[in-house]
Amino acid sequence: MSTKMTTLPRITPSATPTPRSISAGGGKYGPYPPPDLSSTWDHMKIPQRVNPIAPPPPKKRINSSWETVDQHWHNDKRRIIMQQREHTRYHSAWSKAFYGSPADQEAYRRHFRDVLKQQMADQDAQKKQTLKDKVKESEAAVQYDNQCRSQDLNNFVSKFNYLKQFRDDNKNFMENQWQQRRQDRQLENRYDREVLRYNPINWSGTLK
């Protein structure tokens with residue numbers, strides 16, 4: 001017998017926005033240094049990746065040979081070159097901020113000032129958006145509360161009018177019934193008096 005597991009939707013907590021690339025839409029987030037290649041690697045061209053199953057021309061694939069050593073060696077060499085380039089970019093460029101020219105040091109400090117300003121601006125925008133969302137939520141809650149109060153008032157008035165009409169109808173019914181009984185009793189008494197007058201019980205007048 002299998003049982004279904006129900007889980008609540010995951011709510012992402014409010015936090016600092018995800019870092020964006022420096023060149024994407026004017027964003028200031030991103031690693032330092034910016035994605036510009038060092039002059040050491042300008043003269044080197046990153047080779048294209050090749051498919052080991054389909055070697056580039058003029059080489060041809062021979063059905064009797066399944067060896068792809070050259071193609072894998074080419075891709076591995078390409079990987080090593082790209083790793084060296086990234087190492088130089090992220091791990092060797094740190095010396096410019098401390099031992100480089102004043103322009104490099106100022107660029108380093110300006111980068112992090114811009115990142116800090118962007119973080120502060122994003123946090124302020126997020127706080128404003130959160131406040132707007134809370135205001136909208138409060139307005140919706142107040143509106144819903146007013147609707148509930150209005151509906152409760154209408155229901156109370158409808159119930160009061162119904163019970164009032166029910167009471168008045170019962171009162172009229174009882175008053176009409178009492179009036180009918182009074183009239184019937186008067187008619188019955190009049191009939192009895194008329195009967196006694198024309199046919200008295202003591203017609204000889206001996207009883208007192």
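Modeller: Helices (H or I, at least four residues) and strands (E, at least two) are DSSP runs, numbered from the N terminus. Here the protein chain follows the pattern α-α-α along its sequence. The model is predicted, with local features needing pLDDT of at least 70, side-chain atom pairs counting only at pLDDT 80 or more, and totals for chains, interfaces and linings using all residues. Residues are numbered from 1 along each chain as its sequence is written, and side-chain values use heavy atoms, leaving out hydrogens and water.

Colleague: What span does helix α3 reach from its first C-alpha to its last?

Modeller: The expected span of a helix is 1.5 Å times one less than its number of residues. Helix α3 (residues 102-198) has 97 residues and reaches 142 Å, close to the expected 144 Å.

Colleague: Which residues are buried in α3?

Modeller: Buried means under 20% relative accessible area, exposed over 50%, and partly exposed in between (1.4 Å probe, protein chains only). In α3, His-111, Val-115, Gln-118 and Asp-122 are buried. Across the protein chain, buried residues make up 10% of the 208 residues.

Colleague: How many aromatic pairs does the count come to?

Modeller: Rings of Phe, Tyr and Trp (its six-membered ring) pair if their centres lie within 6.5 Å; planes under 30 degrees apart count as stacked, over 60 as edge-to-face and the rest as tilted. The count comes to three aromatic pairs. The ring centres of Tyr-108 and Phe-112 are 4.9 Å apart with planes at 65°, so this pair is edge-to-face. Both residues lie in helix α3, four residues apart, about one turn of the helix. Ring pairs also link Phe-98, Tyr-108 and Phe-112 into a cluster.
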